[in-house]
Amino acid sequence: MSNIKLQTYNQSQHGVSTDEISPSAQAIITKLIEHGYQAYIVGGAVRDLLLGKHPKDFDIATNATPDQIKDVFQRYCRLIGRRFRLAHVYHNHQMYEVATFRGVAQEGERVVKQGHIIKDNVYGTIEQDAIRRDFTCNALYLDIENGNILDYCEGYDDIKAHRLKFIGDDSKRIIEDPVRMIRAIRFEAKLGLTISDQTKQAMLKQYKTLSNVSMARLFDELVKLFHCGNALAAFQLMNEMMLFSLIFPHASKEISKNNDHYEFIQRALTSTDSRIKSGKSVTPIFLFSCFLWPMSVAFTDKYLNSGLSEYDAINKASNDVFHITRKTLAIPRIVQIGIRNIWLLQFRFKTTIGKKVFFTLEHQRFRAAYDFLILRKQESEELELLGDWWTHIQTQSKTKQKELIFQKKKPRRKRKNLNR
Ligand code: ATP
Ligand code: MG
C-alpha cells in the first residue's frame, strides 16, 4: 500500500443520499467542521448504505484529537478506551463514536507484541487512517458537505463486486488483530460479501492467534457475530475456519459427537435469526445456553449415574461447564446465572402438577427457558408432550390454569386427629 490513490465518487455515481444519514451524526460533523476540523461518516455506515442496507450506527472520523473533540463538545463528550482512545459524543440522547484519524506506526504510542497490536494511539492523516482499517469495504469516507465518497483502498469496487478484502497482507492484518477473523466471518454472513479462498487460507493458517485476544473482547465479538441475523452461516464459517473449536474446545466435541446435538444448535441459531428478522429481542444468555447445553447434558448424565438428584446434577454440571469454558472465554457472571436458570428450568418443566407450576411460569427466565424447551421438542415424544403442555398452559386464564394444574392431584385424605 505504498502509493495510495484516492478515488472520489459523487452522489450521482454512488446513489447514496445524505437523507439516509442520521441528522445527529450530521450535526456532530457540522460542528467539527465549524471548528476547523475535517470530519466524515466512515466505516460500516457507508458500506451498508452502498449495499442498500440500513446502517446500525454512524461512526465518525476526524482529524481532531480526542482532547480537541472534548473541547468542542464539552459535557456531551466522554473519552474512552486505552487500546484505542475514542470519543463518545452524545446528541439527542444517542451516542456517536468519533475517532481520530490513526497514523502509521513509526513513533508514538503504538505497542506491538509479536505482531499483535496492544495499544494504538498514533494519530495521522485520512490516507493513513484509511489503510489502518481492516477491510477495503470499511475504509470509505462520506463527506456530508458535498455528498462525495472518498475511497483510498478500492473499497467501492469491492463492495460492488461483493468482495471482502483485507487492506494489505492477510496474515499480517490477522496477526495484528486476530478479532478481524471474526469480523470477516460476520461481514460474510451478515452482508453476503465473500471472503476469498486466499484469505480463508490465511485465516486457517493463523486461526490459533485468536487465543491472544482478551477473553472479554472475544465474548463481545461472538455476541455481535451470532446476533448478526445469519447465525447459522456464521456458525458454519466459524467451524470451517476452526475457530469454534478453538473457543469452545469441549463444547464443540460434545456437539459433533451426536447428530441430535448438532441439529439442536442449528435449530437454535435458525430461531435466533428469525427472531432478529421479526424485530424480537435476543440475548447472549439464550445463545450460550444452547452452545454449552450438549456439554452440560454430558456432565449431568455423569452426576446422575453417580446417584445425585437431577437438580443437584444440573447444578454441578453447570459449575463444571463454566469452569472449563473460563479457560478460553470470559462469560460475564450475569450471563452465567441466566444460563444456569434456563437449564434448571428444563428440569422444573417436568413438574406439571401443583403450585410449583406457578413458580415456573413466573420465573424471570421462563420465556427463554420455554423457547429452549421448544427447541428440544423433537428429541423425544416425552419432550414433545411437555412442550405442548407448556405452550397450552400459558394461554389459559388463571382459573383454567388452576384447574389444569390441580386436577391430577389425588383428593386429600382427611387428616387423622393425632391427639386422639
Ligand atoms: P457494524 O457497525 O455493522 O458492526 P462496522 O464496520 O461499522 O460494522 P465497527 O466495529 O463499528 O464496525 O467499526 C467501525 C470501523 O472501524 C470499521 O468499519 C473499520 O473501518 C474500523 N475497525 C473496526 N474494528 C477494526 C479492527 N479490528 N481493525 C481495523 N479497523 C477496525
Ligand atoms: Mg459501526
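Author: In the lining of the largest cavity, α13 gives the most, with three residues. Helices here are DSSP runs of H or I with at least four residues, strands are runs of E with at least two, and both are numbered from the N terminus. This is a predicted model, in which local features need pLDDT of at least 70 and side-chain atom pairs count only at pLDDT 80 or more, while totals for chains, interfaces and linings use all residues. Residues are numbered from 1 along each chain as its sequence is written, chains are lettered from A and ligands numbered from 1 in the order in which they are written, and side-chain values use heavy atoms, with hydrogens and water left out.

Reader: What volume does the largest cavity have, and which residues line it?

Author: Its volume is about 50 Å³, and the lining is made up of Ile247, Phe248, Pro249, His250, Ala251, Leu292, Met295, Ile324, Thr325 and Thr328. On a 1 Å grid over the protein atoms alone, a cavity is a set of points where a 1.4 Å probe fits but cannot get out, whereas a pocket is an open set with protein on both sides within 12 Å along at least five of seven lines; lining residues have an atom within 4 Å of a point. Grid points are joined across faces, edges and corners, and a volume is the space filled by probe spheres set on the points.

Reader: How many of those cavity residues are nonpolar, polar or charged?

Author: Seven are nonpolar, three are polar and none is charged, where Ala, Val, Leu, Ile, Met, Phe, Trp, Tyr, Cys and Pro count as nonpolar, Asp, Glu, Lys and Arg as charged, and the others, Gly among them, as polar.

Reader: Now the pockets. What lies nearest the centre of the largest one?

Author: The largest pocket holds about 1,500 Å³ of space, and of its 47 lining residues, Asp59, Leu86, Glu97, Arg183 and Lys224 lie nearest the centre. The strand β6 gives the most to this lining, with six residues, and other elements that supply at least two include β3 (59-62), α8 (179-191) and α10 (215-226). By class, the lining has 14 nonpolar, 11 polar and 22 charged residues.

Reader: And which element gives the most to the second largest pocket?

Author: That is α16, with six residues. The second largest pocket has about 400 Å³ of space, and the closest to its centre among 21 lining residues are Trp293, Val297, Glu310, Lys350 and Arg376. Its lining divides into eight nonpolar, six polar and seven charged residues.

Reader: Switching to the metal: what coordinates the magnesium ion?

Author: The magnesium ion (ligand 2) is coordinated by Asp57 (OD) and Asp59 (OD), at 2.5 to 2.6 Å. Donors are N, O and S atoms within 2.8 Å of the metal (3.2 Å for Na, K and Ca), and water is not among the atoms, so the site may look incomplete.

Reader: Why does Asp59 count as partly exposed?

Author: Asp59 counts as partly exposed because its relative accessibility is 23%, and Asp57 is in that class at 33%. Buried means under 20% relative accessible area, exposed over 50%, and partly exposed in between, with a 1.4 Å probe and protein chains only.
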